[in-house]
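Welcome, and thanks for stopping by. Shall we go through this one together, one question at a time?

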Amino acid sequence: MAETKRKYGRRALGVYGLLVVIPVLASIVLLTRDGKGAGVAAKSAAAAGHPVAQLLLAIAVVIAACKAAGWVMRRLGQPPVVGEIAAGIVLGPSVLGAISPSAASALLPTAIMPQLNVLAQVGVVLFVFLAGLEVNIRLMRGRGHLAVVVSHVSIAVPFVLGVLLAVFAYAKFAPQGVGSLAFALFIGVSMSITALPVLVRILKDTGMFHSRIGVVALTCAVVDDVTAWSLLALVVALVTASSLFGVLLTLGLAAAFTGLLYYVVRPLMAKYFTRTSEPTLRRLAPVALVGVLLCAMATEWIGVHAMFGAFMFGLVFPRGNVVEKWLHQNVNGLTTSLMLPLFFAYSGLRTNIRLLGDPTLWLWCAAILVVAVVGKLVSATAAARSVGETFCRALQIGVLMNCRGLTELIVLNVGLDLGVLSPEMFTMLVLMALISTAMTAPMAVYLDKRAGRREAARGLRVHQFDEDLPKAA
């Protein structure tokens with residue numbers, strides 16, 4: 001038996017040497033005959049710097065930094081998005097690039113920025129779709145007059161103040177070749193934003209989501225969001241069109257696209273979703289992403305930006321079904337955990353606080369912050385007070401409406417990409433968005449406690465609308 005094993009062992013070794021070792025050695029000899037060519041190829045690969053490895057390292061660094069900063073902010077009573085925006089700025093030329101340019105270049109090299117931008121833009125499109133999907137029109141039942149008054153006042157006043165500010169800032173900050181109308185309109189829109197998704201997170205984190213004021217703020221933010229995205233589409237159309245006819249054509253196509261979605265696609269989807277079984281819908285759920293991308297592509301082609309199409313598709317998408325649940329469970333996690341941090345990092349790389357070295361620029365930054373906060377907070381407070389809210393509750397609504405967050409960053413990046421905003425103005429507006437968002441949670445909590453004590457003393461129910469809030473909200 002032992003002899004037989006040794007015999008077969010020697011035979012296997014011979015076969016292995018003949019059919020494995022010799023072919024491998026022959027291949028090495030043949031492949032290394034052209035040593036010069038192999039050396040050039042190796043040098044080219046080294047010069048390329050392993051782009052896939054660099055991209056994966058950049059993604060890992062960005063996600064780790066954003067999540068760490070978000071955790072810190074949550075411990076400080078802030079929404080994680082504040083930390084994630086701040087992490088993006090820290091990774092850019094403002095902090096890391098100033099302290100160690102070599103480390104910044106190694107972690108986030110310029111060569112991988114185009115790929116990072118593509119991933120970030122896809123993430124923004126999905127995020128905006130989910131924002132539209134979160135808009136609950138049923139919140140407006142019985143509160144439409146309040147929502148329209150507060151939201152439109154909180155858009156109109158900061159918009160006008162932003163346009164007025166732009167009149168004085170145009171000569172100093174407008175990029176060459178940009179008209180005063182486009183510049184003023186974009187500054188006005190950037191002052192008018194309320195970030196609905198971030199507001200939802202703040203209300204949930206602070207326990208105000210089911211309160212009466214939470215419902216009021218959400219209702220106003222719904223109207224505000226739809227109006228703001230429509231204004232952005234209008235401004236982009238005015239900036240990108242080369243003539244008045246081009247503007248009218250762009251707006252007409254955008255209106256036709258919106259009508260098609262609302263009057264044709266929406267009823268067809270609703271009918272299909274009610275007639276199709278849940279197992280079939282669950283299998284077809286990923287196809288909804290095709291609809292998101294096609295709508296985004298359509299409005300990008302029209303000239304009003306891809307995000308408008310994604311947001312409108314989210315608005316008309318049927319609610320309360322397994323597809324919506326699948327989208328929230330799968331797409332939302334991927335978007336917020338992976339793609340949006342990339343957008344924060346990309347925005348941070350375009351935000352250079354060192355550009356504000358001149359003290360007069362910091363005065364301009366302060367003026368922008370004052371105009372933004374006064375325009376949004378004060379106008380929303382006055383409007384809420386005029387429709388019957390107490391001063392404390394009206395001020396709380398104003399504070400919540402002053403939240404800008406990620407939506408503001410999206411709008412600002414659109415302006416920078418279109419060449420309407422200079423890097424200095426972009427940086428100042430990013431700082432405004434960060435500060436106004438950071439103000440929201442602590443001020444809203446303080447006002448909620450203060451108003452709650454007064455209402456409790458008078459025997460009023462602080463959360464008297466809990467039972468009226470739709471569960472889908």
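This is a predicted model: local features need pLDDT of at least 70, side-chain atom pairs count only at pLDDT 80 or more; totals for chains, interfaces and linings use all residues.

Visitor: Which helix gives the most residues to the lining of the second largest pocket?
Guide: Let's begin with the pocket itself, which holds about 320 Å³ of space. Helix H12 (244–275), helix H13 (278–284) and H14 each supply at least two residues of its lining. With seven residues, the largest contribution is that of H14.

Visitor: Which helix makes the largest share of the nonpolar surface patch?
Guide: The patch covers about 550 Å² and is made by Tyr 272, Leu 284, Val 287, Val 290, Leu 294 and Met 297. Met 297 sits in helix H14. Four residues of the patch, its largest share, come from helix H14 (residues 287–302).

Visitor: Is Met 297 buried or exposed?
Guide: The relative accessible area of Met 297 is 53%. Exposed means over 50%. Met 297 is therefore exposed.

Visitor: What separates Arg 282 and Glu 278 along helix H13?
Guide: These two form a salt bridge, with their closest N and O atoms 3.7 Å apart. Arg 282 is partly exposed at 46% relative accessibility, and Glu 278 is partly exposed at 47%. Because they are four residues apart in helix H13, their separation is about one helical turn.

Visitor: How many residues apart are Asp 417 and Arg 350?
Guide: Their side chains meet in a salt bridge, 2.5 Å from N to O. Asp 417 belongs to helix H19 (residues 405–418), while Arg 350 is in the loop between helix H16 (322–349) and helix H17 (359–386), so to speak a link between distant parts of the chain, and the residues apart number 67.

Visitor: Are Asp 448 and Arg 393 buried or exposed?
Guide: Their side chains form a salt bridge at 2.8 Å, N to O. The pair joins distant parts of the chain, with Asp 448 in helix H20 (residues 423–457) and Arg 393 in helix H18, 55 residues apart. As for accessibility, both Asp 448 and Arg 393 are buried.

Notes
Residues are numbered from 1 along each chain as its sequence is written. Side-chain values use heavy atoms; hydrogens and water are left out. Patches are made of residues with over 30% relative accessible area and no salt bridge: like charges are joined within 9 Å, nonpolar side chains (Val, Leu, Ile, Met, Phe, Trp, Tyr) within 5 Å. Accessible areas come from the Shrake-Rupley method with a 1.4 Å probe; for residues, only the protein chains shown count as cover. A salt bridge is a side-chain nitrogen of Lys or Arg within 4 Å of a carboxyl oxygen of Asp or Glu. Buried means under 20% relative accessible area, exposed over 50%, partly exposed in between (1.4 Å probe, protein chains only). On a 1 Å grid over the protein atoms alone, a cavity is a set of points where a 1.4 Å probe fits but cannot get out, and a pocket is an open set with protein on both sides within 12 Å along at least five of seven lines; lining residues have an atom within 4 Å of a point. Grid points are joined across faces, edges and corners, and a volume is the space filled by probe spheres set on the points.
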